Amino acid sequence: MLGVGLFSLIYWCPPWPDAVDPLGEHFVLNKEAKGALAIFALAATWWVFEVVPIGITSLAIGTLQALFLIRSPSAAFKDFMDPSVLFIFGSIVIGMVFTKTGLTKRLAYKMLSIVGERTSMIYLGCFVMTAALAHFMAHTAVAATMFPLLMTIHSLYSEETGPTRFGKGLFIGMAYVAGAGSIITLLGAARGAVALGFYKDIMNVDISFFELSMYMFPIGWLMVFLLWGFFMILCRPEKSRIEGLKERAGRMYTELGAWSRSEIATVMLVLATILVIALKNFIPALSGLDKTGIMLCSTIAFFLLSILTLEDLEEIPWNIILLFAGAMSIGFCLWETGAAKWLAVNWLQLFKDAPGIVFVLGMAFFVMIMTNFIMNVAAIAISLPVALVIAPYLGVTGEVILFSSLVVAGMPFLLLVGAAPNAIAYSSKQFTTAEFVMYGVPASILLMLVTWLAVTVIWPLMGMQVSIPLS
């Protein structure tokens, strides 16, 4: 009823005033845009409190757009099969294959035999492995690959299927550090390449792959280790160590025997998929290939080689797929109706007379909140043009605006719809959506503090110009 009440209040209330940008352009919040905000409020409420399955909330998003004529049904429901949703589907299939072939157990037992029996080191080993993989492959695929491995580790920690503090820290932490690792290169997520191209169009400044990685590397890894400490405090494992785990893991790895044909084929297919997607950024001949198409080629190959069967297809967590389908639909709805632009202009106008650092952090805060609800690229795209107009008057460079936005856009810690790793982690059943929000609030505060540190200390020391003299 709270969700329905918020929808009704926003949709049927009198018109709201226009948003006016620094150049005097007016952004009207028309009936459709106000309707998008109403659906946004209802969906956020239902997702947080999980009054119905999260996938059903997503269906409500498309249904309300169609019934209230906010967007045409063909537009509202087309987004449910957006390429990004199918990319997540393909990533989840990779995780399933790793589990079915036994590769997950090989990886888990080998890692545990290296990191040992202390649960703090198991946390650290899992987080470092997740972040490192996110340098070279999409963080969605990383989460799908790590998920079954973490399930295996948790089964060795506790024989009970219910949630544990160790399980909460393990899975929520995996989702968080997947985002932290993905900001460091252009390979971890599409947001970096799109944002750099967008910045070049506006500012006519070309930022290279290696320049991005140079500035993002210390921030991403600082977040990884801070998040390790964060979960050691808030999700301190019930056991400080798992006695005999190292020897048991080594023995179980040996018992797996020689690699099977399915394991070898899976590794080759996954590596080929990752390699082709990565090379798209460097080889012009491959740039036209769509990453979703490449990902789905691996899905088709798994069935052609009989690694997966029809029964496996029916076990895919469609609740998670629907969650992201709805997230794409509401994201495009906010974007196309102009509601997101109206929000961005109103928010950034609050900081037009503020000190430069306050403006940068205000911009970063807006992107961080919005990227929990809509596509991170869209969150940057709606706010960056406005911010770049205001920035020179406050003595702030465009570069620091861009980089601080990319930092927070990669780490949506509040809602499951913010990033695919969040939703994949939810499949573990170790935490509720409300618990995810509860841990996400202090984690987001920590992220803002790190962003402030980057802008005021780390990036200036590395040579980035963050301020310009006011005329």
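A cavity is a set of points, on a 1 Å grid over the protein atoms alone, where a 1.4 Å probe fits but cannot get out, and its lining residues have an atom within 4 Å of a point. The structure examined is a predicted model, in which local features need pLDDT of at least 70, side-chain atom pairs count only at pLDDT 80 or more, and totals for chains, interfaces and linings use all residues. Residues are numbered from 1 along each chain as its sequence is written, and side-chain values use heavy atoms, with hydrogens and water left out.

Three cavities of 30 Å³ or more were counted; a volume here is the space filled by probe spheres set on the points, which are joined across faces, edges and corners. The largest cavity holds about 60 Å³ of space. Its lining consists of Ser182, Ile183, Thr185, Leu186, Ala189, Arg191, Gly192, Leu212, Met216 and Leu406. Helix H10 (190-203) and helix H11 (209-234) are the elements that give two or more residues to this lining; helices are DSSP runs (H or I, at least four residues) numbered from the N terminus. Six lining residues are nonpolar, three polar and one charged. Ala, Val, Leu, Ile, Met, Phe, Trp, Tyr, Cys and Pro count as nonpolar, Asp, Glu, Lys and Arg as charged, and the others, Gly among them, as polar.

The second largest cavity has a volume of about 50 Å³. Trp47, Val48, Leu323, Leu414, Leu415, Leu416, Val417, Thr433, Phe436 and Val437 line the second largest cavity. At least two of its lining residues come from each of helix H2 (31-49) and helix H22 (433-461), and H22 gives the most, with three residues. By class, this lining has nine nonpolar residues, one polar residue and no charged residues.

Key. On a 1 Å grid over the protein atoms alone, a cavity is a set of points where a 1.4 Å probe fits but cannot get out, and a pocket is an open set with protein on both sides within 12 Å along at least five of seven lines; lining residues have an atom within 4 Å of a point.
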